[in-house]
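Let's walk through this structure together, one neighbourhood at a time. Keep the sequence and the 3D view open as you read.

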Amino acid sequence: MKPIVTMTFPVSIQNLKKSYAAVPAVQNVSIQVQKGEIYGLIGPDGAGKTTIIRILVSLLDADGGEVLFMGRNVSQNVRYVRSNIGYMPQRFSLYRDLSVRQNLRFFGDLFHVPRHIQEQRLKALYDFSKLGPFQNRLAGALSGGMKQKLALSCMLMHEPDVIVLDEPTFGVDPVSRAEFWDILKMLASNGKCLLVSTAYMDEAYLCHRIGLLDKGRLLAQNKPQVLIERFDFPLYRIRSEQPHKIYTQLKATYFEKHIQLFGDGVYFIDRDKSGSAAIRRRLADLNITYDKFEPVKPTLENLFLELMI
Amino acid sequence: MSRIFYLVQKEFRQIRRERAFIFIIFVMPFIQIVLFGFAVNTDVRYVPIAFVDMDRSQTSRRLLTAFCANETYTYSGMAATEEMAKSLLDIGKIQIAVVIPPHFERDLRTGNRPQVQAIIDGVDGNSAGLVLGYVGQIALQLQKEWLPDTGMPDGSPPVGLTEIVPRMWYNDSLESKNNIVPGIIATLVTMITAFLTGMSIVREKEIGTLEQLMVTPVHKNELIIGKTLPFMVVGFLLLNVGILAAGLIFGLWMKGSLLALWGFGLIFMLSTLGLGIFASTLAHTQQQAMFVVWFFALFAMLLSGFFIPIENMPRAIQLVTYLNPLRYFMKVVREIYLKGTPVIYLWKQALFMLVFGVVMILGASARFQKRVG
């Protein structure tokens, strides 16, 4: 029965463990990604996103657990994995001194894609990436967004069913990021299975499912909307020009565990459900001045900070 | 196998795009050969000389003119006393002082063996040795000239001096360029192939393409061949540009077989390519790779016999040079260039280079494979 179960998940990671010289990097992480799904690994730098991805694409060995790609054990099928998976490393890796077309053809050649099929795929890839007019330009002369679309295109030359992207939009402008995610969504709707890591919280909402990762542990995983519903305390924003000042003031009080610091103010989690009026009274007692006190809807960021405690 | 072709094709496209490569391959050999060939000149000329003549005779003047007629010395003046000559040496005005004792002419005639003193600035040991040699030559020449006039103390008839006429084979004029220029060709091939291989692999590490390449069906061995083969071709081109430069600039063409030099060159490059791969496994940036290569290449050059004859080294260091592949290549290049030695007499060097090359390239590749995981 087992192979049938795992085959429904092109990517299946069970109880993955990995340490770097006694420092645990990944602890008991289990992730499964379906066909047609975008799974987002969300977490700050050093959370273990890259480690999980590198183990999945066979670049690292796991210390424990089971990692399956298309139902096959990754560490025992390295060549199969490398020939069939689509992987885009953290920095978009392409040859800056080769032209757009030469880059694409190079990866097509390495995967032994026949020339006439390469031509067809080039056409399709130029279509969605809009790189066609630049096909003879050197990759190094492209803008950041276009470079990243080229890297993605190179990786699609062999039409992998599973696509793994490590922080693909890092350092790219917002417009290009949106375009890039449109392409990812299109790939998912074509039945591809995508695992994407990102440190941008706004991109989490674009995934079908996400896993919140911190210090090598998976804090929670589900659809983004479902996860947010888990945040079931009333939430208020104490708006201020100097949120840091209010934060340090409150940090020294009973409310230490109730507050989250953000750029636009301090967020107050009403754990005791004492209500807006009571909190404002307490703030006045503490001589804390602020611009505005307002109820807000929780976001993934609020949830993440809450789970990290 | 066809993947190697694609990797090599890609590498050449990158090499062609890089202007610096074109410069390195086609211009650098000319510049190096011109610079080193003219500058690295161990022939000693125009050494400033001063005399202390305490005899002031015809014979002592003859001695003076003998020194000054020679291109080796430039007359810088007379000093009244030995002390004055020494102070001239101290301040660096002259590099040699010749002191002719009083009664030089008389003692010479009566067979009392007068002694002429030469004081030489020994800071630069190499040229001091050569200056001393020239002094000996001049002395010999004058003795021959004066022999008929000198008497023996016991009144026996004058004797004939045995003359030694040295003749340097393979390098008649004993010109250093004949020795240096083939050496430059050997070091050029060493440096450039090791540098370029190391830097090109590390560059792929830096920009992340190496990681991308690892997650493709490309086998690690294919990757290594794909990364080294292009630079073997570059090294081969460089070798030929070097040969051409030596011929065109110094008129120095090899006496032996070009085919043999090609073959030895390719065998030798196994070692330098291995060094390049090895450097890439130690380095994270191209600068680091350059440092690693430079570190090893410098030792290889110093211990190759390029500047310092291996016979002059202490025994222990001589033994170390046997581990230096460049030592063998240096020898082979010079032999083929100056003597035209047939290949059969160089089989030992070829064997050593082959063994070192295979060990280095396999060892470095194994290390590379471990590193990239």
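A:Ser176 counts as partly exposed, because it has 17 C-beta neighbours inside 10 Å. By the rule used here, a residue is buried if 20 or more other C-beta atoms lie within 10 Å of its own, exposed if 12 or fewer, and partly exposed in between, with C-beta atoms placed from the backbone. You will find A:Ser176 in helix α7 (residues 174-189) of chain A; helices (H or I, at least four residues) and strands (E, at least two) are DSSP runs, numbered from the N terminus. Leaving aside neighbours within four places in sequence, A:Ser176 is in contact with A:Gly144, A:Gly145 and A:Gln148, where contact means that the two C-beta atoms, placed from the backbone, lie within 7 Å. A:Phe106 is 70 residues from A:Ser176 along the chain, and 25 Å separates their C-alpha atoms.

A word on the ground rules. This is a predicted model, in which local features need pLDDT of at least 70 and side-chain atom pairs count only at pLDDT 80 or more, while totals for chains, interfaces and linings use all residues. Residues are numbered from 1 along each chain as its sequence is written, and chains are lettered from A and ligands numbered from 1 in the order in which they are written.

Now step back to chain A as a whole. Its secondary structure comes to 12 helices and 14 strands, and its C-alpha trace spans about 75 × 50 × 35 Å along the principal axes. Of its 309 residues, 37% count as buried. After α11(A) comes A:Asn287, which has a positive phi, near 60°.

Where does chain A touch chain B? The contact takes 20 residues from chain A and 18 residues from chain B. On the side of chain A, the elements giving two or more residues are α3 (78-84), β6 (85-88) and α4 (100-110). The largest share of that side, four residues, comes from α4(A).

What about the interior? The largest nonpolar core has 134 residues, and those with the most contacts inside it include A:Leu194, B:Ile185 and B:Phe329. Such a core is a set of buried Ala, Val, Leu, Ile, Met, Phe, Trp, Tyr and Cys residues joined through C-beta atoms within 7 Å. Helix α8 (residues 176-207) of chain B gives the most to this core, with 15 residues. Another core, of 19 residues, lies apart from it, and B:Leu63 and B:Phe67 are among its members.

Chain B is divided into domain 1 (2-40 + 175-372) and domain 2 (47-149), with bounds from an automatic or database domain assignment. The C-alpha centres of the two domains lie 48 Å apart.

Finally, look at a helix pair in chain B. Helix α11 (residues 258-282) and helix α12 (residues 286-302) of chain B pack at about 135°, with their axes 8 Å apart; axes are lines fitted to C-alpha atoms, for helices over the stretch in contact, and angles run from 0 to 180 degrees between N-to-C directions. α11(B) and α12(B) are therefore oblique to each other, since angles under 35 degrees count as roughly parallel, over 145 as roughly antiparallel, 65 to 115 as roughly perpendicular and the rest as oblique. Among the residues meeting there are B:Leu275 and B:Ala279 in α11(B), and B:Val292 and B:Phe296 in α12(B).
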